[in-house]
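Good morning, and thank you for coming. Please keep the view open while I speak.

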Amino acid sequence: MNKFLLKIYSHFLQSLTFKPSLKIKIKKDIIYFGLGGSAISGDLLKIVFPSLNIEVKRTFKILPSEVKNFKNKSIIVASWSGMTKETILVLKQLLKLKQKPIILTSNGEIEKIALNKNLPLIKFPLNNFPPRFNFGYFFSSLIWGLNKQKYLQLNKISKRNPKKFYNQILPQAKKIIPILKNKIIAIYTDEFNFPLTILAKIKINENLHRHCLINYFPELFHNEILGYNSKKLPVLIFKNKNNLLIEKEREIFKKLLKNKSKIQEIILPQNSFLKIIFVNLLIETATFLIKKEKILDTSLLNKIKNLLNYETNNNS
């Protein structure tokens, strides 16, 4: 196993064992503010807790109509760097609204605000990996705050030997490389597993600098499928065998696109934690095999963020 890839595997699995020192109890109704790799854990919670009522908000402004929805909910503000300007704006608006959100961060202005305002703070250990490689810290912290028994299950799975995960994932990663090498790809699954396509999209966008469309069955049959009449587009499907109706729609989809688009299916594990670990490491492995250590490059993204240059001290 490549040493660099082993480092990525080990870091991710270790991050999933993180246990906050802060004693918190997160409610079953959540409003979660964050962007990019700091936000994805909020989406993934829906796979572990299907009945959870969580709104993931990727924004910089709280609308007046939203304020009434804060009552009796856990408000969470997440930013790996603590310097995400849009998230800082949201945090300051929350404080003006007399809210005391739970803060998830490793550093930066958001940590300073949390300490100054005595907000509940979960602080992550600093490292040299970009935010998208650190979502495990957010995820494990949320699981810990929601259900200690689930956290113990996650902890046990995450302590497995990274090389065993690698040996299982490598053949699947090699299968999807021809799909990922295209400039634009599509990833589809069923509605329940849709957060996994968001995770994969983030990794493909940032690791490979490629466009990635995401959708789910049956929704894509009512709109997106029409685009294949005019354009060939390689498709990756995350397959879940439990739904016979979705299985039938997938087969129809493959027949319609036969000789038009390259399609690769990947069967998901049934366990909710394993499927999240699997998809994350699958995309990390495949993108590494394509681009090697350059998957860690953040220079272009940093330039774009600097262009935004929001003024975080304004009243908006």
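This is a predicted model: local features need pLDDT of at least 70, side-chain atom pairs count only at pLDDT 80 or more; totals for chains, interfaces and linings use all residues.

**The nonpolar cores**

Let us begin with Leu-45. Leaving aside neighbours within four places in sequence, Leu-45 is in contact with Ile-30, Leu-52, Ile-54, Phe-139, Leu-142, Ile-143 and Leu-146, where contact means heavy atoms within 4.5 Å.

Residues are numbered from 1 along each chain as its sequence is written, and side-chain values use heavy atoms, leaving out hydrogens and water.

Leu-45 belongs to the largest nonpolar core, which has 77 residues; Tyr-32, Leu-45, Leu-104, Phe-139 and Phe-238 touch the most other members. A nonpolar core is a set of buried Ala, Val, Leu, Ile, Met, Phe, Trp, Tyr and Cys residues joined through side-chain atoms within 4.5 Å. Buried means under 20% relative accessible area, exposed over 50%, and partly exposed in between, using a 1.4 Å probe and protein chains only. Helix 10 (residues 272-291) supplies the largest share of this core, ten residues. Helices (H or I, at least four residues) and strands (E, at least two) are DSSP runs, numbered from the N terminus. Apart from this core lies another, of 17 residues, among them Val-77, Leu-91, Ile-103 and Ile-110. In soluble globular proteins, nonpolar side chains tend to be buried together.

**Aromatic rings**

How many aromatic pairs are there? The count comes to 20. Rings of Phe, Tyr and Trp (its six-membered ring) pair if their centres lie within 6.5 Å; planes under 30 degrees apart count as stacked, over 60 as edge-to-face and the rest as tilted. Tyr-9 and Tyr-166 have ring centres 5.9 Å apart and planes at 75 degrees, so this pair is edge-to-face. Because Tyr-9 lies in helix 1 (residues 3-15) and Tyr-166 in helix 7 (residues 162-180), the pair ties together parts that are 157 residues apart in sequence. Both Tyr-9 and Tyr-166 are buried.

For Phe-129 and Phe-133, the centres are 5.9 Å apart and the planes lie at 40 degrees, so the pair is tilted. Phe-133 is buried, at 4% relative accessibility, and over its ring sits the charged end of Lys-203, 5.2 Å from the centre. A charge sits over a ring if NZ of Lys or CZ of Arg is within 6 Å of the ring centre and within 35 degrees of the ring normal.

**The sheet and its helices**

Five strands form an open sheet in the order 2-1-3-4-5, with parallel pairing; two strands pair if DSSP finds at least two bridges between them. Strand 2 and strand 5 (121-123) are the edge strands, each pairing on one side only. Strand 1 (residues 29-33) is joined to strand 2 by five bridges, and Phe-33 stands opposite Lys-57 in strand 2.

Helix 3 (residues 85-96) lies across strand 1, strand 3 and strand 4 (102-105), running at about 150 degrees to strand 3. Axes are lines fitted to C-alpha atoms, for helices over the stretch in contact, and angles run from 0 to 180 degrees between N-to-C directions.

Finally, which residues of helix 4 (residues 108-116) are buried? They are Gly-108, Ile-110, Glu-111, Ile-113 and Ala-114. Their cover includes strand 3, helix 3, strand 4 and strand 5.
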